[in-house]
Amino acid sequence: MLEETAAIAQDLIRFNTTNYGEGKSEGETEAAEYLGAKLEELGLSTTYVDAAPGRTSVFARVPGSYEGLGDDRSALVLHGHTDVVPADPANWTVDPFAGEVKDGMLWGRGAVDMKDMDAMMYGAVADILRSGKQPRRDIIVGYFSDEENGGVFGSGYVVDNNPEIFAGATEAISEVGGYSITMNGERAYLLQTGEKALIWIKLTARGTAAHGSRVMENNAVTKLAEAVAILGRQQWPVRLSDTTETLVREIARIMGADPTQVSPDEIILSTGTAGGFIRGSLRTTTNPTLLKAGYKHNVIPDSAEAFIDIRTFPGEEDAILAQVRELIGDEIEITITHRDIGLDNPFEGKLVDAMVGTIATHDPEASVLPYMLSGGTDNKALSKLGITGYGFAPLKLPAELDFPGMFHGVDERVPLDALVFGRRVLGDLLLNY
Ligand SMILES: [Zn+2]
């Protein structure tokens, strides 16, 4: 029989909660009701929020004893999301929604992002309550809908319409951090302390419409292609903030490299698979992702469009936009289609100390390193309520598993023993923080 954490993660994977974007999704209400019923079994009362039909989030508050906390009455949010990105079964070696167990791992869409953590959160709270204990502070357990499309029908809606759910909360713990990577034989847990800002822009080039056989200097497609190539090939420099400076220094130590002699990029690349993930978290990125131009092979169109996904460090959005403008020249129009804030939280303070200390108890040999997530999570929405969010889904993973590479990838899988480890680490943290 599967251990409870794995069994719950498996049940969750079997709910197809695909978020297709543009407001379309399925399964979120069923998954929220499943989790809500589980929380009620623990004696907690639940609050459901429907941002729209089928877009259900669920919350429960575990009351804290506040013993020994003095004047500190702050609550902690522990949140996950139930939705997943689409999975094409043709690309997977297993059915992505079957929740198969093989090779000591649980497979399926969401095994990594983030039904693993959803189950660990529940297991940690269940362990505390079943033992008759009480966490020191109030813990608000929440499962959001619509994280995978920016939280419009999830965290964004709940923060705007039901902020009372988070009354008293000042800090949060959630996903995309806390798992281990192995570099040079040393295990390190990546604690997510920040999230990059995002700016999605559309480039429009205009030219002269003409027959495809003409000599044409003013060709919109040519001009657009030049701008796209410039942004796509741009070598953005490593940005040394408090977070990334610490990260690079610590990785240099682990790799035995001298940061005064070797560039940050070389240090990061020397880590192997982990480097692919870390590189994007150290610098601005400007990736072309969509192109639209033309309608017939022998017609030069009068306009062409490209869509660029820009991720910057928090607060640098406007400076980067100005640089983008300079790089591609004045002739290309730039339209901002979407933007969201970044987060940059300190790698210090009581909660960080508690997370680092709990890892030290459960995996004494390992180190904990801060990093800036290149993507975003529901912590962005919660920050509007003054809640400081970290990514800490603790998983002790085998060295050869490229865990970061499986977010939104194929064959998502998580070791069964890592789920048990995560449940215990979270349980200790929640009980003692
Ligand atoms: Zn996620």
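A nonpolar core is a set of buried Ala, Val, Leu, Ile, Met, Phe, Trp, Tyr and Cys residues joined through side-chain atoms within 4.5 Å. In this predicted model, the largest such core has 90 residues. A zinc ion is held by three protein donors, His81, Asp113 and Glu175.

**Nonpolar cores**

- In soluble globular proteins, nonpolar side chains tend to be buried together.
- Within the largest core of 90 residues, Tyr179 and Phe403 touch the most other members.
- Helix 3 gives the most to this core, namely nine residues.
- Phenylalanine 403 contacts several residues beyond its neighbours within four places in sequence, including Val112, Tyr179, Leu395, Leu397 and Val414.
- Asp116 and Arg413 are also among the contacts of phenylalanine 403.
- Another core, of 19 residues, lies apart from the largest one. Among its members are Leu203, Ala220, Val228 and Ile320.

**Zinc site**

- Which atoms of His81, Asp113 and Glu175 are the donors of the zinc ion? They are NE2 of His81, OD of Asp113 and OE of Glu175, and they lie 1.9 to 2.1 Å from the ion.
- Along the chain, the donors follow the spacing H-x31-D-x61-E.
- Histidine 81 belongs to strand 5 (residues 75–81), while aspartate 113 sits in the loop between strand 7 (105–107) and helix 3 (115–130), so the pair ties together parts that are 32 residues apart in sequence.
- Is histidine 81 buried or exposed? Buried means under 20% relative accessible area, and histidine 81 has a value of 1%, so histidine 81 is buried.
- Aspartate 113 has a relative accessibility of 6%, so aspartate 113 counts as buried too.

- Strands of a sheet pair through backbone hydrogen bonds, either parallel or antiparallel.
- Four strands make an open, antiparallel sheet in the order 14-16-12-17.
- Strand 14 (285–293) and strand 17 (333–340) are at the edges. Each has a single partner strand, so one side of each is left without a neighbour in the sheet.
- From one strand to the next, the twist averages 20 degrees.
- Strand 12 (residues 197–206) pairs with strand 17 over seven bridges, in the antiparallel sense. Here isoleucine 199 has arginine 339 of strand 17 as its bridge partner.
- Helix 9 (residues 317–328) packs on this sheet and touches strand 12, strand 14, strand 16 (303–312) and strand 17. The direction of helix 9 makes about 155 degrees with that of strand 17.

- Three strands form an open sheet with antiparallel pairing, in the order 6-7-21.
- Strand 6 (101–102) and strand 21 (413–415) are the edge strands, and each pairs on one side only.
- Strand 7 and strand 21 run antiparallel and are joined by three bridges. In this pairing, tryptophan 107 stands opposite arginine 413 of strand 21.
- Helix 12 (residues 416–432) packs on the sheet, touching strand 6, strand 7 and strand 21. The direction of helix 12 makes about 70 degrees with that of strand 21.

**Strand 11 and its partners**

- Strand 11 (residues 186–195) is mostly covered, with eight of its ten residues buried.
- Strand 10 (residues 180–183) runs antiparallel to strand 11, and four bridges join them. Serine 180 has tyrosine 189 of strand 11 as its bridge partner.
- The hairpin of strand 10 and strand 11 has two residues between the strands. There asparagine 184 takes a positive phi near 55 degrees.
- Strand 19 (residues 367–373) runs parallel to strand 11, with seven bridges between them. Glutamate 195 stands opposite leucine 373 in strand 19.
- Strand 18 (residues 343–344) runs antiparallel to strand 11 and is joined to it by two bridges. Glycine 194 has aspartate 344 of strand 18 as its bridge partner.

**Backbone angles to look for**

- Most residues other than glycine have a negative phi, and most peptide bonds are trans.
- The peptide bond from aspartate 113 to methionine 114 is cis, with omega near -10 degrees. Methionine 114 lies in the loop between strand 7 and helix 3.
- Glutamate 22 has a positive phi of about 50 degrees. Glutamate 22 is in the loop between strand 1 (19–21) and strand 2 (24–25), and counts as exposed at 74% relative accessibility.
- Tyrosine 66 has a positive phi of about 55 degrees. Tyrosine 66 is in the loop between strand 4 (56–62) and strand 5, and counts as buried at 8% relative accessibility.

Methods:
Residues numbered from 1 in each chain as written. Predicted model: local features only at pLDDT ≥ 70, side-chain atom pairs only at ≥ 80, totals over all residues. Heavy atoms only, no water. Donors = N, O, S within 2.8 Å, 3.2 Å for Na, K, Ca; no water. Buried < 20%, exposed > 50% of the residue type's maximum accessible area, 1.4 Å probe, protein only. Contact = heavy atoms within 4.5 Å. Pairing = 2+ DSSP bridges. Axes fitted to C-alpha atoms, helices over the stretch in contact; angles between N-to-C directions.
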